[in-house]
Amino acid sequence: MKYLIKKGWALEAEDCGSVHLASLAGMDRNDIYFQALYKEPAAIKAVIGTCRFVASSLKEIELINEAAAGNLAPGHLEVIGITVIAEAYDDGTMPGLIQS
């Protein structure tokens, strides 16, 4: 983790434990990415404020913002990255929002 931080690299964390370890090691929350795909609301809520989220659907965006609601000022939303699939690569099985 210290090597990643020293290099200025980001981390894609698979689970809450990885998010917490990266945060404890001193990694900036803007460099820790947590994919919300297939995550339970409790897992999302557990890492609010310690990472950036990546969503693949409108449902995931809603889940993230519901989990963050108590931690943000009224009218504000959590910062979320969105997985976008270029139409040329869409085979109907990839999670994400279609480019068009």
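Student: Which strands does helix H4 lie across, and at what angle does H4 run to S3?

Tutor: Happy to start there, bearing in mind that this is a predicted model. Helix H4 covers residues 58–68 and lies across S2, S3 and S4. Its angle to S3 is about 155 degrees.

Student: What is the strand order in the open sheet?

Tutor: Strands of a sheet pair through backbone hydrogen bonds, either parallel or antiparallel. Here the pairing is parallel, and the four strands of this open sheet follow the order S1-S2-S3-S4.

Student: Why is one side of S1 and of S4 left without a neighbour in the sheet?

Tutor: S1 (11–13) and S4 (80–82) stand at the edges of the sheet. The twist from one strand to the next averages 35 degrees. One side of each of these two strands lacks a neighbour because each has a single partner strand.

Student: Which residue in S3 is the bridge partner of Tyr33?

Tutor: Look at S2 (residues 32–35) and S3 (residues 52–55), which pair in the parallel sense over three bridges. In S3, the partner of Tyr33 is Arg52.

Student: And what angle does helix H2 make with S2?

Tutor: H2 spans residues 16–24 and packs on the sheet, where it touches S1 and S2. Its direction relative to that of S2 is about 170 degrees.

Methods. Residues numbered from 1 in each chain as written. Predicted model: local features only at pLDDT ≥ 70, side-chain atom pairs only at ≥ 80, totals over all residues. Heavy atoms only, no water. Pairing = 2+ DSSP bridges. Axes fitted to C-alpha atoms, helices over the stretch in contact; angles between N-to-C directions. Contact = heavy atoms within 4.5 Å.
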